Amino acid sequence: MKKQGGRTIGALVALVGLLLVMGCMQGKASLSAADKAAMAPYVGVWQDLETLSLTTVVLKANQLQVQAVVDADGEDFPVTAQNWDGSVLSWTYHVPSSGYDVRIATTGLEGDILNSTWANDEASGTQEFKRLK
């Protein structure tokens, strides 16, 4: 009987520890008003003014996420990396038809125009995105 009681107590201690850790994680996941205000302008559907591709940015799990990049002809460009550092949103997507990986980093937001830099293995430049939604 003592062994079962010891196991039960051990299981309860482990459960309490797990609940404490989960509670701490939830606290870190909440956003301050300043964080939400910094992210909000980036949420939307953005059209690349040169290629006409569409990039969808959402706020999910308290993080900015580039949810999709779709070319004007309908080709999906899988997002392979992304980051929000508090002021710069950056992402990388793969273009299956050409084999290129394209890296985008935002440089500023002016109304409904999102300015950025881009680079792939052969070239780089600047690019504007226009908010559609």
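A residue is called buried when its relative accessible area is under 20%, exposed when that area is over 50%, and partly exposed in between, judged with a 1.4 Å probe and with protein chains only. By that rule, 26% of the 133 residues of the protein count as buried. This is a predicted model, in which local features need pLDDT of at least 70 and side-chain atom pairs count only at pLDDT 80 or more, while totals for chains, interfaces and linings use all residues. Residues are numbered from 1 along each chain as its sequence is written, and side-chain values use heavy atoms, with hydrogens and water left out.

**Overall make-up**

- The protein holds two helices and eight strands, where helices (H or I, at least four residues) and strands (E, at least two) are DSSP runs numbered from the N terminus.
- Read from the N terminus on, the elements follow the order α-α-β-β-β-β-β-β-β-β.
- The protein exposes about 8,500 Å², and carbon and sulfur atoms supply 58% of that area, as computed by the Shrake-Rupley method with a 1.4 Å probe.
- Among contacts (heavy atoms within 4.5 Å), residues 24 or more positions apart account for 25% of those with a separation of 6 or more.

- Eight strands form an open sheet in the order 3-2-1-8-7-6-5-4, with antiparallel pairing; two strands are taken to pair if DSSP finds at least two bridges between them.
- Strand 3 (63-70) and strand 4 (79-84) stand at the edges with a single partner strand each, so one side of each is left without a neighbour in the sheet.
- Neighbouring strands of this sheet are turned by 25 degrees against each other on average, direction ignored, with axes taken as lines fitted to C-alpha atoms and angles between N-to-C directions running from 0 to 180 degrees.

**Strand 5 and its partners**

- Five of the seven residues of strand 5 are buried, so this strand is largely enclosed by the rest of the structure.
- On one pairing, strand 4 and strand 5 run antiparallel and are joined by five bridges, and Trp84 has Leu89 in strand 5 as its bridge partner.
- Strand 4 and strand 5 form a hairpin with four residues between them, and Gly86 in the turn has a positive phi of about 105 degrees.
- Strand 5 also pairs with strand 6 in the antiparallel sense, over six bridges; Ser90 stands opposite Ala105 in strand 6, and Val95 stands opposite Tyr100 in strand 6.
- The hairpin of strand 5 and strand 6 likewise has four residues between the strands, and Gly99 there takes a positive phi near 85 degrees.
- Thr92, which lies in strand 5 (residues 89-95), is buried with a relative accessible area of 16%.
- Leaving aside neighbours within four places in sequence, Thr92 is in contact with Pro78, Val79, Thr80, Ala81, Asp101, Val102 and Arg103.

**Side-chain pairs**

- The structure holds one salt bridge, a term that requires a side-chain nitrogen of Lys or Arg within 4 Å of a carboxyl oxygen of Asp or Glu.
- This salt bridge is formed by the side chains of Asp112 and Arg131, at 3.0 Å from N to O.
- Asp112 lies in the loop between strand 6 (100-110) and strand 7 (113-119) and Arg131 in strand 8 (residues 124-131), so the pair ties together parts that are 19 residues apart in sequence.
- Asp112 counts as partly exposed at 43% relative accessibility, whereas Arg131 counts as buried at 19%.
- Rings of Phe, Tyr and Trp (its six-membered ring) pair if their centres lie within 6.5 Å, with planes under 30 degrees apart called stacked, over 60 edge-to-face and the rest tilted; the count by this rule comes to three aromatic pairs.
- In one of them, the rings of Phe77 and Tyr93 have their centres 5.3 Å apart and their planes at 5 degrees, so the pair is stacked.
- Phe77 belongs to the loop between strand 3 and strand 4 and Tyr93 to strand 5, so that the pair links distant parts of the chain, 16 residues apart.

**Positive phi outside glycine**

- Ala61, found in the loop between strand 2 (54-60) and strand 3, has a positive phi of about 55 degrees although it is not a glycine, and Ala61 is exposed with a relative accessible area of 62%.
- Asn62 is found in the loop between strand 2 and strand 3; its phi is near 60 degrees, a positive value in a residue other than glycine, and at 32% relative accessibility Asn62 counts as partly exposed.
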